[in-house]
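Thanks for coming, everyone. I'll keep this short. Please have a look at the structure first.

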Amino acid sequence: MTSRGGSVMRTVIVTGASAGIGLESALQLGADGHHLVLVGRDEVRLADAAVAVRAAGASRVETYRADFASLDSVRGLARDLLEHLERIDVLVNNAGTVFKSRQLTDDGLESTFQVNHLAGYLLTEQLLPRLMCSAPSRVVITSSVGHYNGTLDLGDVGFSHGYSIMRAYSRSKLANALYARSLAAELAGTGVTVNAVHPGSVATDIWSGAPWFARPFLAVAKRRMLSPAEGGRTLTHLAVSPDVEGVTGQYFDRFTPRAPSSLAQDDDLARRLREESARLVGLPRTAG
């Protein structure tokens, strides 16, 4: 079955789909007639997003509530998706957040690292068998140019010392880039591609939790930023474009592959990150 744009009709999961670039990408994919599976933590916003995506033209729309600040919620989401979806053609790991001060989730983990990396890592690992059975399939991970400033101390991934909003955000985005590269290598030859993407500097609400003193700067900066629709197009491109069919293990700066940071290319660091991530979320497997 083909979409309105002439491409193959796909079942696409988008996390962080109720606002920002996740919602905009879902609207674009819906306009092309794909089957959209929207994941978010606010039921009202999810319901509103579903109405909009259906109106855009999606062949089918489903919503799943999940809070990525809860690993049990992510595990439940994975179970529900595996139960209800016969195939998964694309997983867009887009959910993300920031916190101006260090916070811990109920799992005892630093909130930025859990929401931006560990939750998406857990969800992806749980869905891998279905993604492999659905091949050719794709995993798209929203990273950021901020990863170039990221550091990674695996003995203190949650900044129990030296926390700042940007240090925590950059670390989580470095973890995104490392995981994408490592998973792509593991899945080589399976028909599942994995890529990370910086969608551009986009004017979304993710920085609404920034400290008060940074808000005037952000208000000015937003005037020069891309719209959420422009940022969403980068996710849509990697999710379904034939131009990136078979492309894997890349870090995209919007629509163009770019060398990530030297740390993001450290395969041993990626292996150790995946081992620590598996330990933190309670998965028995580790990277090979």
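Let's start with Tyr179. Tyr179 counts as buried, because its relative accessibility is 2% and the cut-off for buried is under 20%. Keep in mind that this is a predicted model.

What does Tyr179 pair with? A search of the whole structure finds three aromatic pairs. One of them joins Tyr179 to Tyr121, edge-to-face. The centres are 5.1 Å apart, and the planes make an angle of 70°. Why give two numbers? Because a pair of aromatic rings is described by the distance of the centres and the angle of the planes.

Where do the two partners sit? Tyr121 is in helix α4, residues 111-133, and Tyr179 is in helix α5. They are 58 residues apart, so the pair links distant parts of the chain. Tyr121 is at 1% relative accessibility, so Tyr121 counts as buried too.

Next pair. Phe159 and Tyr163 are also edge-to-face. Here it is 6.5 Å centre to centre, with 85° between the planes. Both Phe159 and Tyr163 are buried.

Stay with Phe159 for a moment. Phe159 lies in the loop between β5 and α5. Its relative accessible area is 3%, so Phe159 falls in the buried class. Which residue lies over the face of Phe159? That is Arg171, at 3.8 Å from the ring centre. The backbone is worth a look as well. Phe159 is not a glycine, yet its phi is positive, about 50°.

Arg254 has a positive phi of about 55°, and it is not a glycine either. You will find Arg254 in the loop between β7 (251-253) and β8 (256-257). Is Arg254 buried or partly exposed? It is partly exposed, because its relative accessible area is 23%.

Back to helix α5, which covers residues 165-186 and includes Ser172. How accessible is Ser172? Its relative accessible area is 0%, so Ser172 is buried. Not counting residues up to four places away in sequence, Ser172 touches Thr112, Phe113, Asn116 and His117. With one of these, Asn116, Ser172 makes a side-chain polar contact of 3.1 Å. One more distance: Val157 is 15 residues from Ser172 along the chain, and their C-alpha atoms are separated by 9.0 Å.

Asn116 sits in helix α4. Asn116 is buried, because its relative accessible area is 5%. Beyond four places in sequence, its contacts include Ala95, Gly96, Thr97, Tyr169 and Asn176.

From Ala135 to Pro136 the bond is cis, with omega near 5°. Pro136 is in the loop between α4 and β5 (137-142).

Now the whole chain. It has eight helices and eight strands. Of its 288 residues, 55% count as buried. Take the contacts between residues at least 6 apart in sequence: 76% of them join residues at least 24 apart. The accessible surface comes to about 12,300 Å², and carbon and sulfur atoms account for 51% of that.

Last, confidence. The mean pLDDT is 91, and 88% of residues reach 70 or more. Where pLDDT is low, the predicted coordinates should not be read in detail.

That's it from me. Questions are welcome.

Definitions and conventions. Residues numbered from 1 in each chain as written. Predicted model: local features only at pLDDT ≥ 70, side-chain atom pairs only at ≥ 80, totals over all residues. Heavy atoms only, no water. Helix = DSSP H or I, 4+ residues; strand = E, 2+ residues; numbered from the N terminus. Buried < 20%, exposed > 50% of the residue type's maximum accessible area, 1.4 Å probe, protein only. Contact = heavy atoms within 4.5 Å. Polar contact = N/O pair within 3.5 Å; in protein donor to acceptor, adjacent residues only side chain to side chain. Phe/Tyr/Trp six-rings, centres within 6.5 Å; stacked < 30°, edge-to-face > 60°. Lys NZ or Arg CZ within 6 Å of the ring centre and 35° of its normal. Areas by Shrake-Rupley, 256 points an atom, 1.4 Å probe, with all protein chains shown as cover. pLDDT = per-residue confidence, 0-100.
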